[in-house]
Amino acid sequence: MPVRQMKQNSEQHLVIKNHLQNTMNPVQRVPKTAQNGKGPPAAELQNTKQPHNQTSPLAKNRGRRRGRGGRKSDQGDVCMRPSSRHCTVAHKPVNPATDDLVAATSKGSIQNGHKLCGMEIGFPTSSKSLNFAPRPGYGQVGTKCIVKANHFFAELPENDLNQYDVTITPEVVSRTVNRAIMAELVRLYKESDLGMRLPAYDGRKSLYTAGELPFAWKEFTVKLVDEEDGINGPKREREYKVVIKFVAQANLHHLGQFLAGKRADAPQEALQILDIVLRELSTKRYCPIGRSFFSHDIRAPQRLGDGLESWCGFYQSVRPTQMGLSLNIDMASAAFIEPLPVIEFVAQLLGKDVLSRLLSDADRVKIKKALRGVKVEVTHRGSVRRKYRVSGLTSQPTRELVFPVDDNSTMKSVVEYFQEMYGFTIQHTHLPCLQVGNNRKANYLPMEACKIVEGQRYTKRLNERQITALLKVTCQRPRDRENDILQTVRHNAYDQDPYAKEFGIKISEKLALVEARILPAPWLKYHETGKEKDCLPQVGQWNMMNKKMINGMTVNRWACINFSRSVQEGVARGFCNELAQMCQVSGMEFNPEPVIPIYSARPEHVEKALKHVYHSSVNKTKGKELELLLAILPDNNGSLYGDLKRICETDLGLISQCCLTKHVFRISKQYLANVALKINVKMGGRNTVLLDAISCRIPLVSDIPTIIFGADVTHPENGEDSSPSIAAVVASQDWPEVTKYAGLVCAQAHRQELIQDLYKTWQDPVRGTVSGGMIRDLLVSFRKATGQKPLRIIFYRDGVSEGQFYQVLLYELDAIRKACASLEPNYQPPVTFIVVQKRHHTRLFSNNHRDRSSTDKSGNILPGTVVDSKICHPTEFDFYLCSHAGIQGTSRPAHYHVLWDENNFTADGIQSLTNNLCYTYARCTRSVSVGK
């Protein structure tokens with residue numbers, strides 16, 4: 001998939017644009033199109049040169065590609081003339097008069113799904129006037145089979161669903177307390193004022209009932225006892241006023257019509273109510289987090305280290321599908337803080353005997369970071385288990401802490417206070433105290449008097465060891481995962497759920513049986529000089545034996561730098577020789593000798609070492625620049641990899657290939673072959689192409705020049721509040737092969753999902769308004785690489801949640817329109833906009849796990865399995881595709897949702913294209929999943 005190409009051959013193209021420092025900063029560099037002057041013959045790929053007399057204001061970026069591109073952006077209007085080269089398809093003659101194609105945009109308003117949509121007349125400006133692409137039919141290509149999906153049919157209720165507004169005074173922030181208040185209200189008033197209704201509550205402002213309550217507005221008084229105040233002593237009682245007011249009635253007829261495919265607009269309110277109803281009982285039983293529920297009773301928690309443990313749970317969501325309402329159930333795991341005494345937690349965290357020594361400043365910082373925001377309960381007051389949230393750590397040890405006990409500023413030590421007040425002797429007075437409450441009135445609690453409250457999810461970043469341990473827990477074979485899902489459904493006993501009964505919802509206990517098809521793998525073309533000139537992958541994989549890269553590049557000048565102390569020079573030299581031989585065998589021309597001897601350096605001197613190797617190489621070759629740098633890194637190298645890439649890419653303009661120490665010592669042919677594939681692509685070559693592409697047999701790609709985009713935004717991890725989000729866009733730079741991709745990246749506002757730099761304008765003091773942006777630059781780059789303008793755009797957009805579909809489509813399709821229009825008047829190629837979702841919970845299982853012919857080696861469904869019925873959207877154009885073979889665990893199919901389609905793709909057309917593109921990933925000989 002194009003989105004994955006970002007990580008393969010675009011390494012030399014990446015441009016970091018610091019969007020946060022200056023939003024009008026027009027730094028742009030057209031990505032290298034990887035021709036390098038060494039590409040395929042002119043007859044195969046024409047390259048029309050364009051004048052470079054206009055560049056962006058800050059185009060002095062140090063992006064020298066040593067004679068291999070790194071072109072500056074041509075910010076002037078580039079005339080995008082019609083293509084003079086056509087790739088004819090037997091069943092579909094091509095009209096050479098491409099001007100008619102562009103002119104079609106000015107003939108009136110055109111809706112989604114028609115031939116073209118003109119920028120000024122066809123594109124809606126709000127979500128109210130926007131309909132997503134309707135399903136054009138169902139796919140027929142491939143071998144038919146039956147798979148099971150973790151969707152459970154839900155029978156719709158016949159009762160009316162009513163929504164009521166809830167106002168609690170005094171206002172409560174905690175959902176848990178809100179739920180406790182409403183549970184007490186239902187207990188007191190269900191049989192009287194509530195008319196025997198059992199309402200479902202969302203924990204905030206909304207209450208839902210099956211049928212009307214006996215009133216439209218009513219105020220209730222509820223007294224809630226603070227159970228944390230102890231068993232034998234007096235308990236605090238708080239009084240709340242609760243006002244319940246009728247708001248609206250949900251239209252179930254509308255929902256029924258939508259599920260039957262008779263209406264396109266989803267009744268979100270009705271779906272939300274049913275989802276809340278089915279979550280109500282689980283919310284009371286388990287620990288709810290997002291759409292998942294966790295408990296230490298579902299499966300025994302597994303220790304992750306440093307005071308953390310994994311809890312198992314399940315994900316649950318109501319989804320509208322073609323088979324009707326569906327309950328999607330999947331297994332889930334998350335890291336929780338172990339409910340340990342704080343002293344034990346700290347001992348695990350530091351890995352030292354904290355009971356017998358003073359803490360260092362670094363220890364104190366580590367403890368404070370781990371415990372801030374964590375709830376603890378006191379253990380020194382017998383049955384009274386008051387809970388507090390940790391706000392910090394004292395800078396002094398407990399024995400030095402004093403505080404005022406009265407208005408006369410009479411001071412008392414913490415040690416004395418706990419002894420006199422509670423008869424509690426603090427043993428470890430050398431340790432600091434926990435600070436709880438607010439900073440104005442700090443409360444001190446000795447660590448040994450506190451225990452971590454159970455059921456708190458750990459939201460900070462996990463270390464490598466913890467991630468590995470968590471993956472071991474979550475990695476389940478398909479049959480085991482399926483059994484756990486079925487066991488969860490049986491354990492939840494929806495037929496006995498009082499809320500499901502109240503609302504008349506019935507849930508099936510059987511996995512949905514779904515018709516699927518296994519799409520054929522595409523034939524791959526290799527070089528004519530190899531023993532095998534083409535190849536048909538088997539079960540999603542193949543190898544490079546007897547094959548040569550279709551466009552092998554040349555590496556004459558290279559060097560190696562060794563940052564690993566354990567790798568001796570002779571070992572490093574032997575590894576480099578083996579790699580050079582593999583590159584030659586695979587079809588590259590690779591000089592077996594480096595420009596200078598292998599240079600060894602310490603990781604902390606990375607910048608100095610890289611510059612030394614670079615300048616020494618240039619001097620040795622009398623000014624000729626280095627083409628490739630090999631780097632041997634320690635297995636655990638911290639920031640070394642990132643630093644090396646940053647310096648090579650932004651300072652030196654060097655293409656680099658890193659190899660870990662473990663691979664240098666344990667040389668395998670497969671590893672060397674994969675590294676050779678990466679090097680060839682970084683140098684601007686192609687490893688393989690789709691046979692159908694060069695034979696011009698791909699529908700709606702081969703007929704006219706087509707550019708395929710992939711786009712994604714990576715957000716900072718939880719807890720990182722200031723780091724920018726990073727947007728990346730790649731685009732194909734060859735046609736009809738659609739194998740070579742160039743990429744651009746830019747930083748943008750924190751957690752902003754819309755890609756800000758797709759298209760932008762700024763004011764230049766000389767030229768006035770100047771257009772730029774990633775889409776525009778990549779369109780210009782395509783023109784320069786192929787000599788043709790794209791007459792069709794296919795845009796794969798990764799990582800968008802369903803709630804953002806409208807917003808992303810409106811903003812980003814508009815940016816594509818403007819980028820095209822800025823290049824040439826009336827230049828509006830038709831666009832197909834597809835969202836790719838990886839973070840969903842639909843899983844597909846073989847109908848018969850014993851049937852080896854229906855699974856791969858890992859027990860997963862076969863690569864190429866596609867589903868576009870039953871569990872898919874009632875009216876819109878979506879499908880699930882598992883394009884890769886599983887290795888371990890349960891494969892996750894990618895979910896593709898075609899939001900906008902002016903190219904009139906058939907279901908077979910877009911499904912086959914998408915599956916075929918998954919076989920063009922350049923770094924290994926396997927088909928890939930977008931989710932990998």
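This is a predicted model: local features need pLDDT of at least 70, side-chain atom pairs count only at pLDDT 80 or more; totals for chains, interfaces and linings use all residues.

I started with Arg751, which is partly exposed because its relative accessibility is 45% (buried is under 20% relative accessible area, exposed over 50%, partly exposed in between, with a 1.4 Å probe and protein chains only). Arg751 is not a glycine, yet it has a positive phi of about 60°. I found Arg751 in the loop between S33 and strand S34 (760–764); strands are DSSP runs of E with at least two residues, helices are H or I runs of at least four, and both are numbered from the N terminus.

Residues are numbered from 1 along each chain as its sequence is written, and side-chain values use heavy atoms, with hydrogens and water left out.

Next I looked up Asn904, another non-glycine with a positive phi, about 55°. Asn904 sits in the loop between strand S41 (894–901) and helix H20 (907–917), and its relative accessible area of 40% makes it partly exposed.

Then I turned to the cis peptide bonds. The bond from Thr169 to Pro170 is cis, with omega near -5°, and Pro170 lies in the loop between strand S3 (161–169) and helix H3 (175–189). Trp735 and Pro736 are also joined by a cis bond, with omega about 10°. I placed Pro736 in the loop between strand S32 (725–732) and strand S33 (741–748).
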